[in-house]
Amino acid sequence: MAKIPELLAAWSSAFLRMVGLYPCVWLEFLYLVGSQSNLLSSTRNPTMALIDRLAHRALSKYAYNSWRELRDEVSAMGVHRRGAKAAKNFAWKQGAKLNIGCGSVKNAGFVSVDFCPGVDVRLDLRKPMPIPDGIASMILCEHFLEHLRYPGQAGAFLKECHRILQPGGELYISVPDTRWPLECYVKGDPEYVRQCEVHRWHPEWMDTEMEHINYHFRQQDDGRLDGNFECHRFAYDEKTLVKALRGAGFAEAHGRSFDPAFDAPHRRVGSLFVKAVK
Ligand SMILES: C[S@@+](CC[C@H](N)C(=O)[O-])C[C@H]1O[C@@H](n2cnc3c(N)ncnc32)[C@H](O)[C@@H]1O
């Protein structure tokens with residue numbers, strides 16, 4: 001008959017496997033699948049779509065959201081891994097101009113960098129960028145920084161921009177201007193809400209000033225996941241953005257006005273424009 005210490009050892013080993021090993025194997029499996037292709041995408045892969053539907057039925061709304069966040073994160077790891085390889089083999093030229101967090105905006109003569117497909121270098125910008133030190137003469141970064149957590153992710157990203165720039169290189173950055181909606185709110189000025197409607201920045205169901213202010217800070221509609229790259233995670237005014245830039249090592253950082261030579265026309269209204277020099 002098995003002795004009690006042996007039984008205890010067997011039980012604790014089984015327990016450790018349940019709580020430790022199996023989740024690790026499962027995560028590793030998801031990572032390998034995600035890193036090979038877009039197999040984790042439920043829009044491209046029918047098996048994934050089926051697993052997604054089953055998870056949707058079986059899990060509570062919150063548990064289901066966690067499942068999707070995990071799936072998206074693992075998939076993002078795969079995309080970043082492939083993008084990082086491509087970035088290392090990219091034909092970088094000294095003095096390059098980069099548009100980081102460009103989305104669908106393409107400026108002639110700029111290397112486009114974003115997580116979305118169809119760009120020159122596809123990366124998860126919450127991670128270090130595999131781009132050579134001191135290669136860029138200029139970085140343009142429009143309405144991206146507010147998608148990163150502050151101060152950790154945002155500070156790390158700005159340090160990466162500083163590293164990539166050559167001495168004297170310039171970072172032209174814009175983010176949603178937060179002073180404006182707050183001032184309008186306090187003064188009872190309807191202009192911010194009017195512009196939100198004109199430019200369709202926010203969902204149509206929003207009416208009150210406070211609904212718009214909340215959306216400005218969070219950009220989270222009902223059902224949108226926290227891990228989603230579209231969410232806003234911090235709201236800037238000039239003083240805070242300048243502080244973050246100086247903290248990342250930039251010698252100079254100050255407000256500037258819209259520059260039609262490179263700022264996207266749809267960013268003219270509602271943006272805070274800052275220039276920083278390495
Ligand atoms: C509001 S759009 C701005 C796009 C463009 N610069 C413009 O002004 O229209 C924010 C962009 O940030 C990108 N983004 C957000 N989080 C990201 C991340 N972690 N890694 C890479 N790109 C990210 C999104 O893919 C999206 O293209």
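Predicted model: local features only at pLDDT ≥ 70, side-chain atom pairs only at ≥ 80, totals over all residues.
How do the residues of the shell around the ligand divide into nonpolar, polar and charged?

View 1. The shell is made up of eight nonpolar, four polar and five charged residues. Of the 17 residues around the ligand, those that come nearest are Gly103, Phe115, Leu125, Glu142 and Phe229.

**View 2. The protein chain as a whole, with its helices and strands.** The protein chain holds eight helices and seven strands, and of its 278 residues 25% count as buried. Among the contacts in the protein chain with a separation of 6 or more, 66% are made by residues 24 or more positions apart.

**View 3. Strand S4 and its pairing with strand S1.** Strand S4, which spans residues 136-142, is mostly covered, with five of its seven residues buried. Strand S1 (residues 96-100) runs parallel to S4 and is joined to S4 by four bridges, and in this pairing Asn99 stands opposite Leu140 of S4.

**View 4. Strand S4 and its pairing with strand S5.** Strand S5, formed by residues 165-176, also runs parallel to S4, and six bridges join the two strands. Here Ala136 stands opposite Leu165, a residue of S5.

**View 5. The β-α-β unit that contains strands S4 and S5.** Between these strands comes helix H4, covering residues 152-164, and S4, H4 and S5 together make a right-handed β-α-β unit.

How values were computed. Residues numbered from 1 in each chain as written. Near = placed C-beta within 6 Å. Nonpolar A, V, L, I, M, F, W, Y, C, P; charged D, E, K, R; others polar. Buried ≥ 20, exposed ≤ 12 C-beta atoms within 10 Å, placed from the backbone. Contact = placed C-beta atoms within 7 Å. Pairing = 2+ DSSP bridges. Right-handed = clockwise from strand over helix to strand, strands pointing away.
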